[in-house]
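I opened the notebook to look up contacts within and between the chains. The entries follow in the order in which I made them.

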Amino acid sequence: MKKIIYILIVTLLFSCHTDNDDNVFQVNTTFNFIHYWDDTKVTNTDFNTIQYTNANGEEMSIEKLRYLISKITFQKSTGETFVLDGYNLVDVTNGTNLSFTSTTTVPTGDYTNVVFTFGFNNDDNAANYQDLNSASWSVPAILGGGYHFMQLEGKFIDNTTTETGYAYHAIRAVDNSKTPQEFQDTFIEVDLGEVSITKEATFEIKMNIAEWFKSPNIWDLNVLNNMLMPNFNAQVMIFENGQNVFSLESITQ
Amino acid sequence: MKKWLFHISSLFIFICLSCSNESTNEYVPTPSPLQIPQFFQDNILNPIIPNSNPQTIEGITLGKKLFFDPILSGDNTQACADCHAPEHAFSDTDRFSDGIDGIVGNRNSMPLFNLAWNYDEKFFWDGKSFSLEHQAFVPVTSPIEMKSTWQEVAQKLQQHSEYPNLFNQAFGTSTIDSTLVTKAIAQFERTLISSNSKFDKHLLSGATLTPEERNGFNVFMDETKGDCFHCHGSDKNPLWTDNIFHNNGLNAIITDLGLGAVTGDPADNGKFKSPSLRNLAFTAPYMHDGRFATLDEVINHYSEGLKNSTTIDPLMKKVAQGGVQLSAQDKADLKAFLLSLSDYEFINNPNFKN
């Protein structure tokens with residue numbers, strides 16, 4: 001009898017060991033958001049001073065920068081996906097939410113793509129969020145409702161050499177001149193590429209703020225500086241310029 | 001063996017008696033959680049209640065009595081309610097309120113409601129106080145307001161026929177100090193919830209707005225017209241303020257630094273807290289310095305009266321033209337909408353009156 005119990009215990013121990021040999025663990029991932037104007041790092045201590053020059057040649061400052069990141073998704077070559085719960089309103093002005101760790105874990109292993117959404121996709125944009133409402137982040141129903149994707153504000157020197165305000169706000173594009181309103185999706189799915197996760201990982205995501213004004217549309221702040229939310233074409237241009245704004249700077253594991 | 005038994009029994013009896021003493025001495029006032037309106041609960045984050053100052057029936061009762069009692073002032077002539085009167089949504093009608101010596105300050109008395117939803121907990125027009133308790137602490141000793149000392153106040157309250165007992169009921173001690181006074185006042189102030197305006201009823205139960213009020217709401221929410229929603233909330237944010245500090249183009253030359261004087265950052269010069277747009281029917285005059293006697297003057301300011309300065313908010317657009325250039329009809333409609341945010345049940349609530 002003792003012998004049988006001994007064999008059972010040894011078998012049990014070896015079974016556990018075999019599990020570990022699979023080398024698949026559930027791990028947390030953290031996403032840090034850093035900001036640049038081309039090669040120059042930007043933090044809120046750089047705000048409120050006219051010190052940047054955009055692609056159109058206007059000197060400008062940043063006074064406010066907030067943006068929404070959602071649906072961080074890990075995709076396997078098999079088609080299997082792991083979507084992290086939650087979303088993150090990055091607030092560079094106040095230096096808050098510059099780092100996001102979801103409560104959802106992902107299995108270690110190789111992923112063909114890690115993707116996040118700049119803004120909300122249409123389903124997420126249709127829901128109600130107390131924290132975002134409290135942050136005055138919602139979009140008026142007359143513009144289709146939902147939420148801002150980004151608020152980038154500051155001053156620029158206009159073509160009369162006057163310091164003038166700009167409010168570069170990104171939302172889902174809506175054409176209010178048509179009945180019913182016509183919409184175009186302007187959330188951006190940012191693909192960070194192939195990633196191998198071996199243990200808890202920290203992603204450093206870089207936003208190049210200068211890109212919002214650069215390519216493919218050279219942004220003229222003299223023409224487009226405010227009231228951009230109801231401007232369908234401006235929202236589409238923001239979407240186009242946003243395609244190369246984000247990049248993966250590093251992964252630390 | 002008998003000796004051991006005696007020692008163990010003694011220890012057991014001692015422990016039991018100790019426990020029994022603790023439970024009978026611990027006084028707990030009656031909890032009185034805030035009655036959060038359902039559509040606040042549905043749309044915005046929960047209010048801020050400090051763990052060190054939970055709402056209780058006895059604390060709120062005491063806070064209300066203190067709020068209306070001139071005993072807090074140096075010469076027993078001025079109560080909090082003198083500058084924060086219920087009929088004016090806990091503000092007053094003066095441009096600048098005067099203190100017990102008749103000296104006026106340089107800021108308009110702020111109305112008091114929905115204060116527990118000030119998530120950053122920065123109070124006053126310039127954000128100089130962190131927490132409602134600290135806000136209540138300041139006017140008592142201000143030389144141009146109640147001009148007293150906390151030592152004097154505590155002494156007067158301690159010698160009062162009712163207060164020591166009321167403090168004992170609220171906080172389990174009859175030893176009165178500034179901390180307990182301000183805690184009680186803050187508890188009362190947190191109960192001042194305004195959520196029953198005509199527009200609230202429209203959102204909740206479909207109460208009918210006039211065509212003017214409806215158009216005024218659209219002007220408010222239209223980025224090409226009023227564009228008020230970026231700083232003053234929306235139908236999704238029933239506070240009707242972002243509780244953030246902005247330079248809204250009142251002055252070309254900034255003399256009152258506002259938030260800038262508090263933070264020391266020149267980029268904050270001329271910034272003042274966005275006030276809630278609730279209860280405007282009762283809170284004239286307007287702005288941090290009460291410069292506008294009427295809502296028409298306020299709307300005209302944003303329409304054609306903006307003045308440029310280095311810290312003016314980027315959302316103050318068309319500054320070169322003086323503002324957003326609203327039509328006369330849009331101005332009138334915007335005013336009608338703004339007045340629909342006034343809550344007559346709030347100013348007539350007997351729980352908030354002396």
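Salt bridges, whole structure. I searched all chains and found 21 salt bridges, the rule being a side-chain nitrogen of Lys or Arg within 4 Å of a carboxyl oxygen of Asp or Glu. I looked up one pair in chain A: A:Asp124 bridges to A:Lys71, with 3.3 Å between the closest N and O atoms. The two residues sit in distant parts of the chain, 53 residues apart, A:Asp124 in helix H2 (residues 122-125) and A:Lys71 in strand E6 (residues 64-75) of chain A. Helices (H or I, at least four residues) and strands (E, at least two) are DSSP runs numbered from the N terminus.

Basis. I am working on a predicted model, where local features need pLDDT of at least 70 and side-chain atom pairs count only at pLDDT 80 or more, while totals for chains, interfaces and linings use all residues. Residues are numbered from 1 along each chain as its sequence is written, chains are lettered from A and ligands numbered from 1 in the order in which they are written, and side-chain values use heavy atoms, with hydrogens and water left out.

A:Phe118 belongs to strand E12 (residues 113-118) of chain A and A:Phe149 to the loop between H3 and E13, so the pair ties together parts 31 residues apart in sequence.

Chain A against chain B. I find 28 residues of chain A in contact with 27 residues of chain B (contact means heavy atoms within 4.5 Å). The buried area is about 2200 Å², 55% of it from carbon and sulfur atoms; this is the accessible area (1.4 Å probe) that two parts lose on being put together, summed over both. How many salt bridges lie between chain A and chain B? The count is zero. I do find 15 residue pairs in polar contact across this interface, both residues at pLDDT 80 or more. A polar contact is a pair of N or O atoms within 3.5 Å; within protein, one must be able to donate a hydrogen and the other to accept it, and residues adjacent in sequence count only if both atoms are side-chain atoms. On the chain A side, helix H3 (130-134), strand E13 (150-157) and strand E14 (163-170) give two or more residues each. E14(A) gives the most, five residues.

Domains of chain B. I have domain 1 (38-193) and domain 2 (198-347), with bounds from an automatic or database domain assignment. Their C-alpha centres lie 26 Å apart. The contact takes 35 residues from domain 1 and 29 residues from domain 2. Together the domains bury about 2600 Å², 63% of it on carbon and sulfur atoms. B:Phe39, B:Phe113 and B:Trp125 lose the most area on the domain 1 side, together 26% of what that side buries. I count one salt bridge between the domains. B:Arg107 pairs in a salt bridge with B:Asp256, the closest N and O atoms being 2.7 Å apart. Six residue pairs are in polar contact across the domain interface.
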